[in-house]
Amino acid sequence: NKEKKMPKPAWNNGGRTIREEYNALKDPNMRHYFQNHKVQSHLYKTGQIDRAGRLIDLEKNKSKLHIIEQEFKVAEKLALNRKKEEEEMRHRVQGKRHTALDRARRYERLLKMKEDRKIRQDIVRAARGFALPQASLSTTASEYRGKSAW
C-alpha cells in the first residue's frame with residue numbers, strides 16, 4: 001500500500017500545515033481590508049458578521065439557520081393561506097352582492113310590471129266608462145228609431 005503524499009509546496013510556509021479551507025475573514029493579513037466600513041456593511045448584510053463586527057461561524061449556526069428557514073417557509077405558507085382565504089371571502093362577498101343586485105332588479109321589474117298592469121287596467125276601465133253600456137246602447141237606438149223626425 002503506497003500512501004499518496006501531497007506534493008511539497010514550492011514556498012516556505014514557516015513549518016505551518018496547509019489548511020484545507022482558506023477563509024479570508026480569518027486571515028490576519030486581510031484585516032485592514034475588512035475594517036473598511038463599506039466592506040463591513042456588505043458582510044453584515046450578507047450575514048457573515050454580526051453588528052459588533054464579530055465573525056459568524058456558519059457551520060456552528062447551521063441548525064439555527066435551518067430553523068429560521070423553516071420558520072420562513074411556515075410564514076410564507078400562512079401568508080399564502082391568508083391570501084387564499086381573503087380571495088375566497090372577496091369572491092363570496094361579490095357573489096352575495098351580485099345576488100342581491102339581481103334580486104333588487106327582479107323586484108324592480110316586478111313592481112314596474114304591476115304598475116304597468118294597473119295603468120292598463122285603469123285605461124281599460126276608463127274606456128269602458130266612457131263607452132255606453134251594451135243595454136243602454138240598444139235602448140237608445142230603439143228610442144232613437146221611435147222618435148224619428150222623418
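**Reading a helical chain**

Q: I see that Leu110 sits in helix α3. How many helices and strands are there in the chain?

A: Quick note before we dig in: this is a predicted model, where local features need pLDDT of at least 70, side-chain atom pairs count only at pLDDT 80 or more, and totals for chains, interfaces and linings use all residues. Residues are numbered from 1 along each chain as its sequence is written, and side-chain values use heavy atoms, with hydrogens and water left out. Now, helices (H or I, at least four residues) and strands (E, at least two) are DSSP runs, numbered from the N terminus. Here the chain has four helices and zero strands. Starting at the N terminus, the elements read α-α-α-α.

Q: What about surface patches: which residues make the nonpolar one?

A: Patches use residues with over 30% relative accessible area and no salt bridge; like charges are joined within 9 Å, nonpolar side chains (Val, Leu, Ile, Met, Phe, Trp, Tyr) within 5 Å. Your Leu110 teams up with Tyr107 and Leu111 in a nonpolar surface patch of about 290 Å². Leu110 counts as partly exposed because its relative accessible area is 40%.

Q: And which residues gather in the patch of negative charge?

A: For charges, Lys and Arg count as positive, Asp and Glu as negative, while His and the chain ends are not counted. A charge is placed at NZ of Lys, CZ of Arg, CG of Asp or CD of Glu. Here Glu85, Glu86, Glu87 and Glu88 gather in a negative patch on the surface. Glu88 belongs to helix α3, residues 62–130. With a relative accessible area of 48%, Glu88 is partly exposed.

Q: How many salt bridges does the count come to?

A: The general idea: side chains of opposite charge can pair when their charged atoms come close. The rule asks for a side-chain nitrogen of Lys or Arg within 4 Å of a carboxyl oxygen of Asp or Glu. That gives four salt bridges here. One of them joins Asp50 to Arg54, with the closest N and O atoms 2.9 Å apart. Arg54 is exposed, at 55% relative accessible area.

Q: Which residues in helix α3 are about one turn apart?

A: Take Asp116 and Lys112: both lie in helix α3, four residues apart, about one turn of the helix. Their salt bridge has its closest N and O atoms at 3.9 Å. Asp116 is partly exposed, at 30% relative accessibility. Arg125 and Asp122 also form a salt bridge, with the closest N and O atoms 3.2 Å apart. These two are separated by about one helical turn because they sit three residues apart in helix α3. Arg125 is exposed at 53%, and Asp122 is partly exposed at 36%.

Q: How many aromatic pairs does the structure hold?

A: Rings of Phe, Tyr and Trp (its six-membered ring) pair if their centres lie within 6.5 Å; planes under 30 degrees apart count as stacked, over 60 as edge-to-face and the rest as tilted. The structure holds one aromatic pair. Tyr33 and Phe34 form this edge-to-face pair, 5.1 Å centre to centre with 75° between the planes.

Q: Is Phe34 buried or exposed?

A: Phe34 counts as buried because its relative accessibility is 16%. Tyr33, at 47%, is partly exposed.

Key
Accessible areas come from the Shrake-Rupley method with a 1.4 Å probe; for residues, only the protein chains shown count as cover. Buried means under 20% relative accessible area, exposed over 50%, partly exposed in between (1.4 Å probe, protein chains only).
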